[in-house]
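Open the structure in your viewer and keep the selection tool at hand.

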Amino acid sequence: MEQHQLAGKGGHTISLYTMEAQNPFCKLQIVHDAGENASTYEDVMKELTQRGISCSAMNLRGHDNTKSDQCPLFFSTRNGWNNVVDDIHVVDSFLATDQLPHFLLGVGMGADLIRTYLFKFGETLQGALLLGATPYVNALSFGIVDFFADHLTGRFGELYRSPLLASWAFERGFHPLKRRKTRYNANRKKEETIPTLSLIRDLSRGLKNLQEEHSTAYIPRELPLLFMAGTQDSIAGGRGKQEALVDFYSSMGKNAQLILYKNGAHDLLHGECKDLVINDLERFLKETSQ
């Protein structure tokens, strides 16, 4: 796996990792979930390169274990969500050195970031795979989370971590905030596995924007979107909420489809459904690359 350092917005340095297939038919950028980093998908990248898919993955802001000065689970002081989306675009532009079709694959929060990417830069892609994307969040939950996040930020600053607010927000639909043990946070102090107020506010603004019809309207109509979820995914809501999410995109005239995996959990790429998921995503990439 080869490492690259790219320049992001505001002086941020993007740590990117790439693996090249011997005779690739496409390129795939993986965008990891909250509380993970690029190394989480090293095994997946190795398998995909053997199938002719050149892969890359960057560490999202606030998720880079190689940077001792980086604040865990914090994007940036201002406009953090869009800054990370722009980082994804920087990587995609860096990889665009040939005529191979480009795809994005996102997991959890990574899928939500890609959903924003689609209406900003969707024309640069051949398709997108969205695993365990966050389903609909009601307006009341947005309002309450925003109120308390703003209030606490005024008292303690944007880097403050409130386990109570993070837990409450998760229960109200802010699913990427679920605390779980990952390779990224295994050696972190307990408090560093709690998202900063800044990240909670960024997530709220990002998800709220995703639910606006005017934002979805900018996604290219023919761009293939494959949503993938496990029926036992407590983070992404399971069958009913994922079906409703995909119905929203279809109702807006988008080329969206859904594959559900019986008894599948949130981490589809490392669970018991892994082989099925990889076979399905390979099939999707081959069909849409032609």
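Strands here are DSSP runs of E with at least two residues, numbered from the N terminus. This is a predicted model, where local features need pLDDT of at least 70, side-chain atom pairs count only at pLDDT 80 or more, and totals for chains, interfaces and linings use all residues. Residues are numbered from 1 along each chain as its sequence is written, and side-chain values use heavy atoms, with hydrogens and water left out.

**Stop one: the cavities.** A cavity is a set of points on a 1 Å grid over the protein atoms alone where a 1.4 Å probe fits but cannot get out. Its volume is the space filled by probe spheres set on the points, which are joined across faces, edges and corners. The structure has two cavities of 30 Å³ or more.

**Stop two: its lining.** Lining residues have an atom within 4 Å of a point. Select Glu20, Lys27, Leu28, Ser54, Cys55, Ser56 and Leu95. Now color strand 3 (26–31) and strand 4 (53–58): each supplies at least two lining residues. Strand 4 gives the most, with three.

Next, show the sulfurs. A disulfide is a pair of cysteine sulfur atoms within 2.5 Å. The closest cysteine sulfur to that of Cys26 is in Cys55, 7.8 Å away, so too far for a bond. The disulfide count is zero.

Terms used
On a 1 Å grid over the protein atoms alone, a cavity is a set of points where a 1.4 Å probe fits but cannot get out, and a pocket is an open set with protein on both sides within 12 Å along at least five of seven lines; lining residues have an atom within 4 Å of a point. Helices (H or I, at least four residues) and strands (E, at least two) are DSSP runs, numbered from the N terminus.
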